[in-house]
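Thank you all for coming; I would like to take a few minutes to walk through one model with you. Please have a look at it first, and then we will go through some of its parts together.

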Number of protein chains: 2
Amino acid sequence: MISEGTIKKARHSSMLLSMATNEHKNAALKRIIESLEKNSTLIIDANKKDMEAADASQLAMALRKRLSFDEQKLSDVITGIRMLIQLDDPSGKILSATSLDTDLVLRKVSCPFGLIGVIFESRPDALVQIACLCLKSGNAVLLKGGSEAANTNRILKQCIESATASFAAGWIQLLESRDDVNEMLKMDKYIDLIIPRGSNEFVRYIMNNTSIPVLGHADGVCHVYIDAAADQAMALAISCDSKCQYVAVCNAAETILVHSAVAPVFLVALKAELDRLNVIIHGCKETCRILSVPFSSEPDWRTEYLDYKVSVKVVNSLNEAIEHINTYGSGHTDCIVTNDEQAAAQFMNHVDSANVFHNASTRFSDGYRYGLGAEVGISTNKVHARGPVGLEGLVTYKWKLTGNGNLVADYAQGKRTFKHKKIS
Amino acid sequence: MISEGTIKKARHSSMLLSMATNEHKNAALKRIIESLEKNSTLIIDANKKDMEAADASQLAMALRKRLSFDEQKLSDVITGIRMLIQLDDPSGKILSATSLDTDLVLRKVSCPFGLIGVIFESRPDALVQIACLCLKSGNAVLLKGGSEAANTNRILKQCIESATASFAAGWIQLLESRDDVNEMLKMDKYIDLIIPRGSNEFVRYIMNNTSIPVLGHADGVCHVYIDAAADQAMALAISCDSKCQYVAVCNAAETILVHSAVAPVFLVALKAELDRLNVIIHGCKETCRILSVPFSSEPDWRTEYLDYKVSVKVVNSLNEAIEHINTYGSGHTDCIVTNDEQAAAQFMNHVDSANVFHNASTRFSDGYRYGLGAEVGISTNKVHARGPVGLEGLVTYKWKLTGNGNLVADYAQGKRTFKHKKIS
């Protein structure tokens, strides 16, 4: 089991990281690339062991695909690190500065959290991505990957560790068991943030079992709303892309809402296209009047299918669509298709979700597509970070005040007065 | 007891508020000023009732002072609202914009949380301040004040409500009992943020009894560290101001750390000055060797005295001071007094607190002094808002993506490529 000593060491190491310049951090990232390249055979061999064990235990094909770490995946993660090196340092940025008085300057400065715990799924490439995001943002990290990937994760962690040992020993630690995770959740004295990735059930378990702040998304019940003023061809294309471009992800659409004015024509076209794509429609009462599809009841409106299934509901107004989304959605990503700018503005202001789209597929909701570089996850929290979370989600800020012996008594007694002049 | 219907109505009203322009919100704030001025006699009479009840129940003098709401306090809150009107709208700001492609624009836009629950202490002026901060930031609010101030709070809420009824009916609601609070803590479906103000014990109770995000500070164990390279006169003045300028507040210093190189001389001067100010020193072993003061043990290092008492500890290095603060402090506000710029930088980077000061009193840690306008509280959270929280702490953001029928499939298949061009 992971010891308190190891976690304390990681915490201490985070202080060294927090002082590192962007140049030093980028140099460390370059050494990680070299180490991964030099040890590629060892890494791929370790992954073969994990894959053999996966074969023996008859792991599902989708999971096997995620678990695999071949030359292509190695090359992809290295490309990712190269992109990360190009990005600005998110830490040490002066977010605002105010001259409170001639000799009293206040600066709001971004800084790393300190020590972050990340629990991720079976993809070993996630280990490298997350570790490098933490390093670039100046945070130490405790990593818990899928147990199916134990051999691959161990060698990847060793490569990263050996490449950075002289830089900040102990900053990266690997957790190997569920017991380790439960131990980590108790360490609120040393750990500043937990990022869990995985099933809804798992994320909720983490949230309910720690007093450490959790940055996690609960689920993705995303909507496409086809407005009365929608371009029907565009509406059809966006509906299909949002639903089918990749069904197993949180930003795939689960419900299509259709304005009653266009429903009779649009729904027939939608069904033809979704039939072709092997998607089963679960329809509301009105939809079932127009199409011959299974009837869907209220629980369906809350369901994240992650499958070739979609709920379809006819609504009588924009407001009914907004109301439906705010009631049954998960605050992840919701889209309106319309040529009516005012309707689009109302939808985007009133839908209470992290990502609100006008005439674009819900599948764009992603850190890479947003240009954030890489993402640690997609947050449906409203506090701290919302939507795709890149490097900026891994830093907080502190207020630095520099004075010359300034006393509050002097200002309280009127001997001195505040200037509050913004410094740009 | 407050009904789910009332809370739902407040939630619905928050949608109207979120769409209001700065001009409309400022006009509503002006009507609140007029209403408070017009009803000043009613307000002051209601407060007299509360004060009489306080007399009858022999409320402590400090609490009576906070409870009182006279012409002066009314004039002060009105000045506060006038300042609020001058401030920028924190909502609707474009925080960043990126052209993902020629016809696909992503904007990160600040927006209100929605519905905020605030639980505050006995000061009725806090009701007006908090309500107006929520209105300016576009949030609906549930308010629970001290029961001692029930009559004053009721009339103040009525004044605010009647002045804004045509603007957004139901946006402000008053909770009157502990049962109401417990009911509110369960309403995670409607409420986005809880801000509790009060004792540590109370704030922790709230945090442990709701799944709604809580913005609250736990306690303020603030430090002043007198470095070997400190100007001794400045160190003495900052120590006394930090401790005594107002002892009953979270940003008052509770521990003074003194470098051993200057301890023999500095401690004698410090004791003479603190004796004069009636402050009792609790000293570490080394302090007790130099001064004749009560011995302090480890529990004292964690104590928020809020009184004319201070812990004093001699340390052998800057690092020992940093280590002490990160171990026993509460992450609130900590100050180094030194003429050594490098020591100051190390202290400010390594002390893991919301506010880190160089040569300035800890008492500056305050929203008004920081120039934030007014503050809803001081956060020792690391997520979302840290340190004094003004209007900016009452907004979150959403990602708005505007396209022209863009599909992810086109980018995945290489038919189109992302541009990711920053728009300024």
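Predicted model: local features only at pLDDT ≥ 70, side-chain atom pairs only at ≥ 80, totals over all residues.

**Strands across the two chains**

Let me begin where the chains meet: strand S12 (residues 355-360) of chain A pairs with S15(B) in the parallel sense, over five bridges, where helices (H or I, at least four residues) and strands (E, at least two) are DSSP runs numbered from the N terminus, and two strands pair if DSSP finds at least two bridges between them. Within this pairing, Val356(A) has Lys400(B) of S15(B) as its bridge partner.

Residues are numbered from 1 along each chain as its sequence is written, and chains are lettered from A and ligands numbered from 1 in the order in which they are written.

Now to chain A itself, where four strands form an open sheet in the order S5-S4-S3-S6, with parallel pairing. Strand S5 (172-175) and strand S6 (193-196) of chain A stand at the edges, each with a single partner strand, so one side of each is left without a neighbour in the sheet. Strand S3 (residues 115-119) of chain A is joined to S6(A) by four bridges, and here Val118(A) stands opposite Ile195(A).

Finally, how do helix H3 (residues 40-56) and helix H7 (residues 150-168) of chain A cross? Their axes come within 7 Å and cross at roughly 160°, where axes are lines fitted to C-alpha atoms, for helices over the stretch in contact, and angles run from 0 to 180 degrees between N-to-C directions. H3(A) and H7(A) are therefore roughly antiparallel to each other, a term used for angles over 145 degrees, with those under 35 counting as roughly parallel, 65 to 115 as roughly perpendicular and the rest as oblique. The contact includes Leu42(A) and Ile43(A) of H3(A), and Ile155(A) and Leu156(A) of H7(A).

How values were computed:
Contact = placed C-beta atoms within 7 Å.
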